[in-house]
Amino acid sequence: MASFTGFLRTILIILLVWYGVKILMRLFAPYFVRYMSKKVEERFGGQFQQQQQDRNRPKEGETVIDKIPEQRRTSDKKVGEYVDYEEID
């Protein structure tokens, strides 16, 4: 049979642990909440950035011109050699 003092000792230890955890949570809860909010902000920021990149990415099969070549409009009168041809009926 368990003794009455052992029972009271167990109850006292449980109460001390309970109140100790409550005090520690009051001390560390603001830091924990701040840490979790930063993590959530980073996650949502990453998702937003990825969504923006997906919008800017060209769709499959779409033609994209990254660099427009310089336009030089110098015309020569000597375009090429004249080739005589004959029509076939």
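Predicted model: local features only at pLDDT ≥ 70, side-chain atom pairs only at ≥ 80, totals over all residues.
**View 1. The bend in α1 lies at Phe28.**

**View 2. Helix α1 runs from residue 4 to residue 56.** The chain has 1 helix and 0 strands. At 1.5 Å a residue, the 53 residues of α1 should span 78 Å. The end C-alpha atoms of α1 are 74 Å apart, which agrees.

**View 3. Nonpolar side chains form a surface patch.** The patch covers about 900 Å². Its members are Phe4, Phe7, Leu8, Ile11, Ile14, Leu15, Trp18 and Tyr19.

**View 4. Ile14 is a patch member within helix α1.** Ile14 counts as exposed because its relative accessibility is 52%, and exposed means over 50%.

**View 5. The chain surface exposes about 10400 Å².** Carbon and sulfur atoms supply 58% of that area. Of the 89 residues in the chain, 0% are buried.

How values were computed:
Residues numbered from 1 in each chain as written. Heavy atoms only, no water. Patch = residues over 30% accessible without salt bridge, like charges linked within 9 Å, V, L, I, M, F, W, Y side chains within 5 Å. Areas by Shrake-Rupley, 256 points an atom, 1.4 Å probe, with all protein chains shown as cover. Salt bridge = Lys/Arg side-chain N within 4 Å of Asp/Glu carboxyl O. Helix = DSSP H or I, 4+ residues; strand = E, 2+ residues; numbered from the N terminus. Buried < 20%, exposed > 50% of the residue type's maximum accessible area, 1.4 Å probe, protein only. Expected span 1.5 Å × (residues − 1). Bend = angle between axes of the 7 residues up to and from the residue.
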